[in-house]
Each structure stands twice: as C-alpha cells, then as structure tokens.
Amino acid sequence: FFFACLTSSCLMDLSPKRPSVLAALAVTLVTVAVVSYELGAKAGQDATQMVSASTGVRPLVTPSTSAAAMLKVKSVQTATNSDWKGAPVQQETVLVAPEHMKQELYIPTDVRQHQSFASKVLAMFGMASIVAGVFAMFASQQKGSEWTPLNDNKKWAMAAAAAPNPVYKCSTSEGDFEVELFLDQLPVTAANWMDLADSGFYNGIHFHRVIPNFMLQFGCPFAQDPKDPRCGTGGPAPKSTFKANLELVGEQEIERNVQGNIPDEMEVQISNEPFTLSMANTGMPNSGGSQFFINTVHNDFLDYWRDDLSPSKHPVFGCVTDGFDVVMKISGLPTDDRDSPVTPVKMISVERVN
C-alpha cells in the first residue's frame with residue numbers, strides 16, 4: 001500500500017499524461033482493496049477467538065504460539081474431520097485444550113492457503129506499482145524534450161512564453177504606428193525583421209505598393225528612391241547573418257541565402273487578418289527577405305494552409321497595435337499605375353519601444 005501511494009505521487013508529479021495518472025490511481029485502489037480484504041479477514045479471525053463453544057460453532061483461529069498459550073493448549077494433533085457444516089475437511093490441525101475448558105478449536109487448512117494467496121496478490125500489486133513508477137520516471141524524462149518546440153534552424157529560450165514580444169514604433173511622413181512582432185511564435189522571421197530594423201535598414205525607404213482594400217507593401221531597399229523601377233525586387237545583402245533576440249531566442253546565428261532570403265516559417269496558423277504583418281515573397285519557397293505587407297482587410301486566400309483558395313503562402317509574423325488610423329490613411333492615398341503613392345510615403349525611422 002505504501003509503495004502504491006508513493007508511486008501514485010511520483011506519476012502525478014512526473015507525468016503530464018492523464019492515462020498514467022489514472023493507471024497509478026487504479027493500482028492504488030486495487031492494492032487498497034486487497035489490503036482491506038486481508039485486514040478484514042484477520043480481524044474476523046481474531047474475533048472468532050472469543051466465540052464460546054456453547055454456540056455450537058467451532059471457531060477458526062490462527063495456530064500461533066500466543067493463541068495456544070492463551071488457551072493453555074496441552075497438545076497439538078493432526079486429524080481428518082468435518083467442518084461445522086458437515087463438509088469433510090482434510091488434514092485439520094486440532095488444538096486440544098485442557099479438559100475443564102471442554103472445547104476444541106479447529107483450523108481448516110484451506111484458510112491458511114487462502115491467506116497465503118492473498119499475501120501473494122498483495123505482493124504482486126506492490127511490485128507492479130514499483131515497476132510502473134520506474135517506467136513513468138523514464139518515460140517522462142524521454143518525453144520532456146517534446147514540450148519545447150525545436151527545429152534545425154531555431155532555438156527557443158525557456159522563458160520565451162513569459163517574456164513580452166517586442167514592439168516597434170514606425171515613424172512615417174504620414175504619421176506613426178506601432179507593431180508587435182510574434183517572436184514567441186515565429187522567432188526566425190521576427191528576428192530577421194528586428195535585425196533589419198535595429199540596423200537602420202528600413203529608415204528612408206518608401207512604401208512602394210499601396211492597394212486600397214488589400215494591403216500596404218514595404219521593405220525594398222531600392223525604394224529609397226520611390227521612382228526607381230527596381231522597387232519591389234530588392235532585399236537584404238546575400239549571405240548576411242543575424243542573431244535572434246537574446247531575450248527570447250537562443251544565440252544561434254542564422255545566415256540568409258545567396259539571394260538574401262530566409263527560411264519559411266509556416267508552423268503557426270495565424271490568418272492574414274486586418275492590420276497583421278505578413279512576409280512578402282516571389283511565390284517560391286524560402287524567398288522572403290526584407291519586404292513585408294500590412295493587411296487592411298482579411299486576406300485569407302494568402303494563408304499558407306489555404307491551398308483551396310490560392311497557391312500563395314504568406315506567414316503572418318506580427319500586427320499593428322497602435323496608429324490604425326495612420327495605416328488606413330496611407331491605404332487611401334492616390335496611387336499611380338504601378339500602385340505607388342503619388343505622394344511618396346517615407347519611413348523616417350523604426351525604433352523599439354519595449
């Protein structure tokens with residue numbers, strides 16, 4: 001019983017899986033039942049030692065030295081007899097008391113055998129509980145790594161879930177707005193954006209594509225000149241590297257490819273809802289770099305898991321948290337035949353505020 005209870009506690013502490021806890025509880029309950037039966041049988045046998053012979057029922061007692069001494073037994077014999085119901089009982093042990101007590105105490109052999117069987121059952125469940133506890137400890141240790149999301153191109157810090165996501169203030173020629181980056185869910189994509197913002201990459205770039213009731217696109221280095229025909233085709237320097245923010249992500253260094261692009265992070269299903277930030281790409285896998293767009297309506301056909309709507313795959317990595325009116329103001333500006341604002345909208349600076 002002690003081992004079963006101890007094992008139950010270990011299972012509840014070490015294993016988060018409900019079946020293991022239920023299994024431990026079942027082992028404990030069965031063990032309690034066996035122990036209760038054993039104790040109940042022993043209590044009943046002890047009580048029968050006090051039964052008087054005058055009742056006509058021969059009491060059943062345990063052949064212990066203390067019982068024999070209490071009854072002043074003068075001899076111990078083995079004989080074949082019948083029980084109080086008349087059924088034959090083979091090889092009974094008969095304790096013959098002094099003559100003045102005028103009673104015989106019968107101890108059927110099958111009772112002793114039953115007690116031995118119950119003890120074996122108790123031992124079996126005790127051992128089973130110990131084995132289950134050891135197995136649970138090993139299983140919980142092996143499964144521990146599954147609770148921390150890891151893959152080949154990122155490392156998560158243990159405190160990622162508790163720390164706040166970074167927030168940046170984007171100051172434009174049309175006003176300011178703030179964005180939160182989902183560093184806790186898309187660490188590579190968010191860290192790439194943070195590296196570019198912190199290095200001043202986005203400062204001085206213009207919004208090169210604005211489509212009402214759709215989105216605002218930004219981030220091409222060629223858009224330093226809003227009239228450059230290459231606007232929308234540029235990105236970070238090839239083979240450049242960056243590190244994830246040390247507050248939330250491990251110190252793994254990530255290298256952009258020869259086109260300056262980063263790996264796609266299509267693991268968390270965040271829809272392209274209004275005011276979310278989403279990665280722009282060429283339509284090919286792993287072709288995102290510095291360009292992104294701000295959705296102004298719900299563009300669910302751009303969700304990477306919505307193959308039923310379009311082949312486009314654009315993961316969301318942040319959202320606007322303040323300055324929604326500024327975003328909508330830019331969205332409503334007149335544009336030319338290239339969807340570029342007639343009056344250029346310049347990003348003056350991007351600075352972290354938390």
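Biologist: What counts as a pocket here, and about how much space lies in the largest pocket?
Modeller: A pocket is an open set of grid points with protein on both sides within 12 Å along at least five of seven lines. The model is a predicted one. In its largest pocket, the space comes to about 370 Å³.

Biologist: Which residues are the closest to the centre of the largest pocket?
Modeller: The pocket is lined by 22 residues. By class, 15 of the lining residues are polar, six are nonpolar and one is charged. The closest to the centre are Gln217, Ala280, Asn281, Thr282 and Gln291.

Biologist: Is glutamine 291 buried or exposed?
Modeller: Glutamine 291 sits in the loop between strand E10 (276-279) and strand E11 (292-295). Its relative accessible area is 8%. Buried means under 20%, so glutamine 291 is buried.

Biologist: With which side chain does the side chain of glutamine 291 make a polar contact?
Modeller: A polar atom of the glutamine 291 side chain lies 2.9 Å from the backbone oxygen of glycine 234. The side-chain partner, at 3.5 Å, is histidine 208.

Biologist: Is proline 311 buried or exposed?
Modeller: Proline 311 belongs to the loop between E11 and strand E12 (316-322). Its relative accessible area is 72%. Exposed means over 50%, so proline 311 is exposed.

Biologist: What separates the C-alpha atoms of proline 311 and glycine 283?
Modeller: Along the chain, proline 311 and glycine 283 are 28 residues apart.

How values were computed. Residues numbered from 1 in each chain as written. Predicted model: local features only at pLDDT ≥ 70, side-chain atom pairs only at ≥ 80, totals over all residues. Heavy atoms only, no water. 1 Å grid on protein atoms, 1.4 Å probe; cavity = no way out; pocket = protein on both sides within 12 Å on 5 of 7 lines; lining within 4 Å. Points joined across faces, edges and corners; volume = space filled by probe spheres on them. Nonpolar A, V, L, I, M, F, W, Y, C, P; charged D, E, K, R; others polar. Helix = DSSP H or I, 4+ residues; strand = E, 2+ residues; numbered from the N terminus. Buried < 20%, exposed > 50% of the residue type's maximum accessible area, 1.4 Å probe, protein only. Polar contact = N/O pair within 3.5 Å; in protein donor to acceptor, adjacent residues only side chain to side chain.
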